[in-house]
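Let's walk through a protein model together, one stop at a time. Keep the sequence and the 3D view open as you read.

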Amino acid sequence: MHRGGPPPPLREIEEKTVEIIPQLIINGCLTGISYALMALGLSIVFGALGIINFAHGDFIMLAMYGALYVNLFLKVDPYVGLLILTPLFFVLGIIVYKGLFKKLVDAPEESHIIATFGLSFVFQYGAMLLFSTDYKSVSTGYSADVLEIWGQYIDYPHIYGALASIALIILLILFLQYTNIGRAIRAVSEQRKGALMIGINVHKIYAIATGIGLSCVAVSGITLITFESVHPTIGTHLNLLCWIIVVLGGIGSVPGTIVGALIIAMIEMLVGYYFDSTLTTFAYFIMFLAILMVRPSGIFGIKERRA
Amino acid sequence: MKRILAGFMIITMCGLFLPSLGDRVMAAPSSEDVRIGVILPLTGPQAPIGREVLRGIEIATDMVNEKGGMWNKKIKLVTGDAANTDSARTETERLITVEKVKLLIGVYSSSLAFVVHPIAHKYNVVFWETNAIADRLRQMGHNNTYFCGPMASGWGEQAADCVVELMAPKLKMKPKDLRIAVVYQGTEWGKSLSHDGFIKRAKELGLNIVIDAPYDPNTMDFSSLILKIKRTNPDIVHTQNYLDDGYRLFRDARKNGLNPKIWVADGCPWAYVDEAFQKFGTDMNYVLDINQVGGGIQGADPKVQAQYRDFLKRYQNKYKQTVSGASDVAIGFTSAIALYEYVLPDAGSFDSDRIAKVVASIDLPSSATVRPGGIKFAPSTDPKRAGQNIRAGIVARQIFNKQYYAVWPKDGAELDAVFPIPPFGKRAITDAEVQKLMIKE
């Protein structure tokens, strides 16, 4: 898009437009991986329990505040918070499951929406009371550092965020594939009655799945705080984004979540660059609807799930 | 199960209405008080701004109350939370129909004003608007709505004049040779200031706009937009944004190595300068902020200067932080003071006709206020700017080490602006070096 004033020579623009493609792909991948990490916890909880959790973005907000205060009080890098927040959010997940989700598992979906919306408001207003409505962020030694490789710029907060995300995704895939609890989570996700019949303690597995989902949220909050400001209502927008990614990729599918996140991020980059920056959200909603028309259960979704 | 759901419904309702509950209890009607409704975003994404505007209004109210109040009664503020358009609608209705206020002050955001102003108009309640600048708000036939700050297109036009009068000479370039990128929220606020104001005026002045780039404020990563801007090799990047999008845009400019000769932040994000420095460190130095308050106060009447200094002191004592040059708290304060000093005493009541007569008679020079320009309102019959303070101006301020220094217009300038700005990573400057840039009186 070029309006007003004499445009630069056409050839120069065309060359730069082609040259820019690697940078757009790098930015899209890094943003996509951070989106995937945000959505992973939602995918696990929704996939395993079938609970429509509209407070997911607010859990990320709480994790961001957690990482912020780890940085402020302990004077350490937010990533040190992994040691504290990951187990803490696992326990929080168990508590949330036992206190709320357990009662919702067999309830109609409308109840999920009402209850988790309520939870979302409680978290948001609680955060306003505890942390005020101010925007808060952390500054690390690498906040402003940028790596330049062959003319492409990559900032360190996103590099570290991507590394943390990739490590977590690999661990999660290995856990779900090769451990008994992982297999049990997949079993209850796909066939709850069948899992019950072979003696799996479904509620215990649900509680663990919720714990793992919120541990992923903790990692996501820690990476986000290195390049985003936190405020009590940031979760509202994150929630919508996470839901689109999870449904697009296929509910409960880790690879689907990653692919969905990368698609959304790439659309944002390409539409923002080649078309109009006001159309990015519109464009990924169109893509979202188009894919769901062809594959209603999402890219990696399974048509028939729980019994 | 039903009990759980009922419990959560209650929690949800509490969450929705708790913020206003306190006010309802505290604001029991009393014939001893002059009750004024304040409608602002006190929760939600715009809450940091709404809270500051409220603090400014509260300090102005305290100062007036300490001197005897209004019409020999104390002024009592009754607040409503406009967290979003839905709550803005219900809270405004509540303030007018339940709390029975006859005058409202607020609402800061143009998008909220489009909801709130018609309700005040419906009940014939006077609305004293502190901020909302979108042009169309002045063209809706709301006779009893008055706008203290500049309107968006006028703001944008003055910002374009700033390019010619300040930036081009500092860069030692002819204005028409400057390559200017204009980047703004694709909202009514953004379009009316940047597109209908800045770009329109820039074209009249023969300036070269190399990219006109509105964007979706919900975007999480602006890299693609920044790369598109970078491709145009701009001398000046003129941005207009709120908090979240402003931070992300600046972050992604740094990330992608966009280093224009001047970065203009037109709007509000850098009003929260402590947070901006926490996030970006010394890379925040040299940024040019354009706002509706915060110029040098030396041109104001000594009494007005003393009053403003008192306000700054009270703010510092109460909130343990400085106003940092100026911010939304100063907008709240100056708007409320104008109402308390120039309108209500002569009106003698909240009767909208009497207030309209007083407002029409106000004709004050720039010395009457610490804000740029003076105070004179366009008549309600003006089809394009009804109720607008036509003298409201803007001020350009350069940021150094968490402080703002007015650099334009020339008659209110405190500091000799420094352009071109150093690239990211090389913007550290000592306070002593900044002091050397100060203009000697």
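## A buried charged pair

Start with B:Glu99 and B:Arg35, which are both buried (buried means under 20% relative accessible area, exposed over 50%, and partly exposed in between, using a 1.4 Å probe and protein chains only). Their side chains meet in a salt bridge, 3.0 Å from N to O. A salt bridge here is a side-chain nitrogen of Lys or Arg within 4 Å of a carboxyl oxygen of Asp or Glu.

This pair links distant parts of the chain: B:Glu99 lies in the loop between helix H3 (85-98) and strand S3 (103-106) of chain B, while B:Arg35 is in strand S1 (residues 33-40), 64 residues apart. Helices (H or I, at least four residues) and strands (E, at least two) are DSSP runs, numbered from the N terminus.

## How to read the model

This is a predicted model, where local features need pLDDT of at least 70 and side-chain atom pairs count only at pLDDT 80 or more, though totals for chains, interfaces and linings use all residues. Residues are numbered from 1 along each chain as its sequence is written, chains are lettered from A and ligands numbered from 1 in the order in which they are written, and side-chain values use heavy atoms, with hydrogens and water left out.

## Another bridge, in chain A

Over all chains, the structure holds 28 salt bridges. One of them joins the side chains of A:Arg192 and A:Asp106, at 2.5 Å from N to O. Again the partners come from distant parts of the chain, 86 residues apart: A:Arg192 is in helix H8 (residues 192-197) of chain A, and A:Asp106 is in the loop between helix H4 (81-104) and helix H5 (109-131).

## Where the two chains meet

Now look at the interface: 51 residues of chain B are in contact with 62 residues of chain A (contact means heavy atoms within 4.5 Å). The area buried between them is about 4900 Å², and carbon and sulfur atoms give 57% of that. Buried area is the accessible area (1.4 Å probe) that two parts lose on being put together, summed over both. B:Met220, B:Arg231 and B:Lys255 supply 15% of the area that chain B buries against chain A, more than any other three residues.

The rule finds 3 salt bridges across this interface. The side chains of A:Glu228 and B:Arg251 meet in a salt bridge of 3.0 Å, N to O. Both residues belong to a network of salt bridges that also links B:Asp221, B:Asp244, B:Arg248, B:Asp252 and B:Lys255.

## Inside the network

Within chain B, B:Asp244 forms a salt bridge with B:Arg248, and their closest N and O atoms are 3.7 Å apart. Why are these two separated by about one helical turn? Because they are 4 residues apart in helix H8 of chain B. B:Asp244 is buried at 17% relative accessible area, and so is B:Arg248 at 5%.

## A look at the cysteines

How many disulfides does the structure hold over all chains? The count is 0, where a disulfide is a pair of cysteine sulfur atoms within 2.5 Å. For A:Cys216, the nearest cysteine sulfur is that of A:Cys242, 12 Å away. A:Cys216 is buried, with a relative accessible area of 2%, and B:Cys162 is buried too, at 0%.
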